[in-house]
Amino acid sequence: MICVYEDEGFRRLSPLVDVRPVFDLRCGRFTLLEKLQRLYPNQKFNLWVRDELAELTAEVHPGYRVNQPVKKGGLFLSGRAILEAHIESEGREAVLLSGDDVVGFRFCAEHAVRISSLEGLKAAFAKEQVKAKVVKWPWDIVEYNAEEIEKELKNQRQKSGVRNQSGVVLVGPRNRLIIAPGARVWPGTVINTETGSVMVDRNAQVRPGSFIEGPCYIGPRTVIDAARVRPGCSFGPHCRVGGEVEASVFQGYANKHHDGFIGHSFVGEWANLGALTTNSDLKNAYQPVRVFFDGKAVDTGLLKVGCFIGDHAKTAIGTLLNTGARVGTFANWFEPGLSPREIPAFAWGQEQRWKLSDALVCAQAVMARRGIRMTSAYERVLRRLHGR
């Protein structure tokens, strides 16, 4: 039995996890949970999440036990962990560490009840070092993304052949290009696999005038429309992408269909970026970028950090997003000039807040355009978020 759990570290990943558990974040081709499922294909999974997400999580992952009592011991893995090697689910009781970061633990059910904190676990049990990465901050997802794409597409190349597409200019090894059944790469596109692998997943399209550099993953039914896609990008399902994008993750169902630049960023589901929306991902002084959480600066130690955009966020035409900006869920930003470093959830410009009833009507209309109906469980999560 594998139990994937959320720990208190989820708080540092806002707004990306406002409406989803941490293990549903995308990094590379797959979400963090999908990566674990592929490592343990024959195991049953239990999921432990925040109480307010339990109903929605059970709906998104039917057939899984969510927040149900664990009757026997097993392998407990952090939902923020990306394992680099298989960890045995049976063996001595231990806390599993990657450096000082807790990746998970292995013990019997009575200990799961008795120990209530990660620090308590580290003090009570033997420590075992494992090969894993842990997502501690939003920018970690972006930093890990290119490596994860390459690793996952290397495995995919071994399972599938490469389909020829007439009129497509391919620069680099042909065996690094994967075009899934139903996908279409139009004549007049250029794909560069010298820098890494590229996968165009089922029913996705890459339209004329696009330039794609690997590593890159283009998810099902996503449309890349005359875009310049630099290395290290992942696009989940049903995205619309134009302009220039570099080293960024689009969770899915997001629109950036027009010119403008998004770099070293994470874009949540149902976000809509107006024409010429552009973010800064490098300070003019070439100093490490700081990201603000509740008014307090966190030094990322990185020269390139873009923005982190929550689900259903919207920007007006010509929007300029600050270096390291965090744009809250359902924020509607239309102010001139460079944005603040933090834009709160449901912001309506600088001074006002989006009325919940109007936000829900908008979200329902947007989701319907992709054939998705807002469920009662999803709506309840949004209502709780608005009420904070």
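Modeller: Start with strand E9, residues 101–107, in this predicted model. Six of its seven residues are buried, so E9 is largely enclosed by the rest of the structure. What lies beside this strand?

Take strand E6 as one partner. E6 covers residues 74–78 and pairs with E9 in the antiparallel sense. Four bridges hold that pairing. One place to look is Gly-74, which stands opposite Phe-107 in E9.

Now turn to strand E8, residues 94–98. E8 also pairs with E9 in the antiparallel sense, here over five bridges. Find Ala-94, and you will see Arg-106 of E9 opposite. E8 and E9 form a hairpin, with two residues between them. Gly-99 sits in that turn and has a positive phi of about 65°.

Strands in a sheet pair through backbone hydrogen bonds, and they can do so in a parallel or an antiparallel way.

Strand E1 (residues 2–5) and strand E4 (residues 45–48) run parallel, joined by four bridges. Within that pair, Val-4 has Leu-47 in E4 as its bridge partner.

A second open sheet is built from six strands. Read across it as E12-E15-E18-E21-E24-E27, with parallel pairing. Which strands stand at its edges? They are E12 (169–171) and E27 (261–263). Each of these has a single partner strand, so one side of each lacks a neighbour in the sheet. Further in, strand E21 (residues 228–229) runs parallel to strand E24 (residues 244–246), and two bridges join them. Look there for Arg-228, which stands opposite Glu-244 in E24.

Next, the cysteines. How many disulfides does a search of the whole structure find? The count is zero. Cys-233 is in no disulfide, and the nearest cysteine sulfur, that of Cys-216, is 5.9 Å away. A disulfide needs the two sulfur atoms within 2.5 Å, so that gap rules out a bond. Cys-233 has 0% relative accessibility, so this residue counts as buried. For Cys-239, the closest cysteine sulfur is again in Cys-216, at 11 Å, which is too far for a bond. Cys-239 counts as buried as well, because its relative accessibility is 0%.

Last, the empty space. Rolling a probe the size of a water molecule over the atoms shows where such space is left. The largest pocket holds about 820 Å³. Its lining has 32 residues, and those nearest its centre are Arg-20, Asp-24, Val-60, Tyr-253 and Glu-269. Helix H2 gives the largest share, with four residues. What classes of residue make up the lining? There are 16 nonpolar, six polar and 10 charged residues.

Technical notes. Residues numbered from 1 in each chain as written. Predicted model: local features only at pLDDT ≥ 70, side-chain atom pairs only at ≥ 80, totals over all residues. Heavy atoms only, no water. Buried < 20%, exposed > 50% of the residue type's maximum accessible area, 1.4 Å probe, protein only. 1 Å grid on protein atoms, 1.4 Å probe; cavity = no way out; pocket = protein on both sides within 12 Å on 5 of 7 lines; lining within 4 Å. Points joined across faces, edges and corners; volume = space filled by probe spheres on them. Nonpolar A, V, L, I, M, F, W, Y, C, P; charged D, E, K, R; others polar. Pairing = 2+ DSSP bridges.
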